[in-house]
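Subject: Structure handover

Hello,

Here is the structure I promised you. Please keep it open while you read the notes below it.

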Amino acid sequence: MTVLTEGSTKRRSGYALRPPASVTLICLFGALAGAALIALTVGAAGIPLARLPAALGLWGDAGAGPSLARDQLVLWSIRIPRIGAAAMIGALLAASGAIMQGLFRNPLADPALVGVSSGGALAAAAAIVFTDSQIGQNFRFMQHQLLPIAAFVGSLATTVILYSIASRSGRTSIAIFLLAGIAIAAIANAGIGLLVFIADDRQLRDITFWLLGSLSGATWPKLATLAPVLGCAAIACLSIARGLDVLVLGEAEAFHSGVDVERLKRISIVLVSAMTGVAVSVCGVVGFIGIVVPHLLRLVIGPAHRLLLPTSMLLGAVLLVGADTLARTIVAPAEMPIGVLTAAIGAPFFLAMLLRQRGLVSL
Amino acid sequence: MTAILEAHSVSMVVGGATLVDGIDLCVAPGEMVAIVGPNGAGKSTLLRMLSGDLRPTRGQIRLKRRDIQSYPPRLLAFHRAMLSQHVNVTFPFTVEEIVHMGAGDAGRAAAQRLVDAALGEVDLAHFSQRQLPTLSGGEQQRAHFARVLVQLACGEAQHGPGLLLLDEPTSSLDMRHQIDLVETAKRRAQNGTAVIAVLHDLNLAMRFADRIVLLHRGRLAVDGGRSDAITAETIRRIFEVDVKIDYTEAGVPFLLPQTMRPAAAQ
């Protein structure tokens with residue numbers, strides 16, 4: 001028997017005080033705009049706020065010259081695609097975490113924690129090595145598509161394996177789920193280790209980038225891969241929101257309430273894999289966004305997925321834009337891998353969550 | 001009157017063990033049937049088959065003249081509602097949100113009316129904004145009963161009398177709320193719903209059910225009115241307990257357990 005209850009401590013006396021949905025959404029949009037603005041101005045090449053409109057080519061006169069040209073170059077070819085990628089990846093990771101938690105009825109599920117991201121990274125790393133091989137040369141023309149597709153397939157395989165191990169006759173054992181996730185992550189990491197071993201220098205650089213996670217490779221073509229996936233995911237999220245709510249009662253009860261549970265599970269698994277896989281293919285393994293964001297939001301707006309999924313996307317975007325700005329400024333001109341940064345912040349948060357629920361968890 | 005639910009020689013075999021063995025059962029609209037029996041008699045398994053959740057190994061179950069396995073889940077939910085024994089909610093949904101889940105995609109205003117009425121019926125109106133996981137087991141059970149009532153009401157509004165299945169609905173309730181819940185189910189039956197409840201308390205079953213179905217080792221031992229189904233002899237044979245049966249002034253039978261293990265006493 002597993003009892004795991006979130007946000008239910010006695011001192012809050014169990015009453016739900018939630019702000020209206022519109023207030024939450026407006027605040028999050030505001031925060032996203034603010035984070036983007038800060039991210040535009042700071043960095044190795046600082047662009048003061050006053051110069052921003054001119055540098056963006058909007059209005060104002062900052063005085064032409066080589067420095068304006070430099071600022072324009074920095075903004076349009078580096079900073080804007082990077083901020084866009086950070087926002088979209090944050091949205092994908094946070095929402096895929098929320099869906100996975102709904103699917104497993106457990107607030108501790110996170111694609112990065114249970115090896116889904118590692119599975120995607122393994123497939124991506126394999127694709128990198130493969131495209132350099134003799135047979136792989138023929139596939140070079142589709143290298144841009146190959147990485148996201150490989151990462152998606154890797155994530156999907158991992159999620160399906162995880163689900164079939166952890167759930168039996170409609171019940172999901174959380175202990176088995178987390179332990180199986182650890183084992184799968186270990187297997188995937190062993191596979192990546194093997195690829196690192198056989199990779200040449202250039203491949204090694206590419207693979208390392210995947211393992212630590214970085215947004216420095218964000219370019220306009222990559223945004224073009226992210227945007228449609230995010231758009232489709234956002235629409236799909238709305239269609240499964242009610243099903244995920246009812247699924248909290250258990251699979252049999254959700255069926256009794258009229259939910260097509262098998263269909264819901266299939267959609268959720270494909271969705272989580274696609275969102276995680278595409279995010280991994282652009283920036284590598286970035287952990288804990290998927291666990292921190294939905295958890296914080298449930299404390300404020302409650303667990304109903306109709307609001308939780310879109311707000312997770314927004315808060316995930318805010319956090320990753322913020323984290324990426326931090327990652328590229330604290331050790332400037334060098335850059336800290338963002339996966340390291342989110343783990344450094346997210347892991348203690350995860351432990352605090354465990355401690356808070358210690359009395360209520362039984363594996 | 002035509003039956004809402006017909007089960008024809010339904011069996012359930014899991015890994016060589018026969019949990020339910022060739023049971024025939026017909027339930028008409030307006031009837032309240034109690035399923036009783038010792039632990040492991042197959043009561044919950046039978047109920048889960050009647051809900052369409054488990055597919056019988058042999059036999060067929062027809063709901064409103066159609067094979068229950070052929071209903072898509074959404075349509076089935078309009079015709080039958082089921083309260084499971086243990087429902088464990090892990091996220092901090094409020095009582096009201098949980099009860100709302102019964103309403104499916106019904107219109108907001110209509111759903112809210114049904115939710116408020118159901119919360120009143122289970123005596124939880126004052127807790128509607130509480131987070132469900134912070135409530136006691138009995139209060140949670142009542143909240144889930146309210147959810148099931150809302151689902152039943154939504155279905156009956158569109159498709160006429162439905163089927164209400166209750167799996168040990170009183171297991172963690174105090175005496176007052178046990179009676180409350182069974183009386184609420186009884187009122188539904190009087191309005192035409194077919195009610196089937198797995199009950200442990202034989203007195204509660206005899207007090208409220210029109211018919212008692214007694215299961216023993218997966219087989220149907222007795223199916224009848226409350227006086228002919230429950231006799232001291234039957235109880236001794238099936239439950240292995242000596243009981244005394246008496247009648248209230250209104251003629252309702254009640255029983256008082258005497259000693260265990262009558263087999264040794266004989």
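The notes below go through what was found, chain by chain.

**Ground rules**

This is a predicted model: local features need pLDDT of at least 70, side-chain atom pairs count only at pLDDT 80 or more, and totals for chains, interfaces and linings use all residues. Residues are numbered from 1 along each chain as its sequence is written, while chains are lettered from A and ligands numbered from 1 in the order in which they are written.

**Chain A**

Chain A has 13 helices and two strands. Helices here are DSSP runs of H or I with at least four residues, strands are runs of E with at least two, and both are numbered from the N terminus. Of the 363 residues of chain A, 46% count as buried. Buried means that 20 or more other C-beta atoms lie within 10 Å of the residue's own; exposed means 12 or fewer, partly exposed is in between, and C-beta atoms are placed from the backbone. Look at contacts with a separation of 6 or more: in chain A, 78% of them join residues 24 or more positions apart. Two residues are in contact if their C-beta atoms, placed from the backbone, lie within 7 Å.

Now two helix pairs. Two packed helices are described by the angle between their axes and the distance between the axes. Axes are lines fitted to C-alpha atoms, for helices over the stretch in contact, and angles run from 0 to 180 degrees between N-to-C directions.

Start with helix 8 (residues 220–247) and helix 10 (residues 261–283) of chain A. They pack at an angle of about 150 degrees, with their axes 9 Å apart. Helix 8 and helix 10 of chain A are therefore roughly antiparallel. The cut-offs are under 35 degrees for roughly parallel, over 145 for roughly antiparallel, 65 to 115 for roughly perpendicular, and oblique for the rest. Helix 8 of chain A passes helix 10 of chain A in a left-handed crossing. Left-handed means that the near helix is turned anticlockwise from the far one by less than a right angle; right-handed means clockwise. Residues of helix 8 in this contact include Val229(A), Ala233(A) and Ile240(A), and those of helix 10 include Leu264(A), Leu271(A) and Val278(A). By class, the contact of helix 8 with helix 10 of chain A has 13 nonpolar, three polar and one charged residues. Ala, Val, Leu, Ile, Met, Phe, Trp, Tyr, Cys and Pro count as nonpolar, Asp, Glu, Lys and Arg as charged, and the others, Gly among them, as polar.

Next come helix 11 (residues 289–301) and helix 12 (residues 305–329) of chain A. Their axes come within 9 Å and cross at roughly 125 degrees. Helix 11 and helix 12 of chain A are therefore oblique to each other. Their crossing is right-handed. Among the residues in contact are Val293(A) and Leu297(A) of helix 11 and Leu308(A) and Leu315(A) of helix 12. The contact of helix 11 with helix 12 of chain A divides into eleven nonpolar, three polar and one charged.

**Where the chains meet**

The contact takes 28 residues from chain A and 26 residues from chain B. On the side of chain A, helix 8 and helix 9 (251–256) give two or more residues. Helix 9 of chain A has the largest share, four residues.

**Chain B**

Four strands of chain B form an open sheet in the order 2-1-4-5, with antiparallel pairing. Strand 2 (17–27) and strand 5 (66–67) of chain B stand at the edges, each with a single partner strand, so one side of each has no neighbour in the sheet. Two strands pair if DSSP finds at least two bridges between them. Strand 1 (residues 5–14) and strand 4 (residues 58–63) of chain B pair over five bridges. Ser11(B) stands opposite Arg58(B) in strand 4.

Strand 7 (residues 163–167) of chain B is mostly covered: five of its five residues are buried. Four bridges join strand 6 (residues 80–83) to strand 7 of chain B, in parallel. Strand 7 also pairs with strand 8 (residues 194–198) of chain B in the parallel sense, over five bridges.

Two residues of chain B deserve a look at their phi. Most residues other than glycine have a negative phi. Phi of Lys64(B) is near 50 degrees, a positive value. Phi of Glu240(B) is near 60 degrees, also positive.

Best wishes
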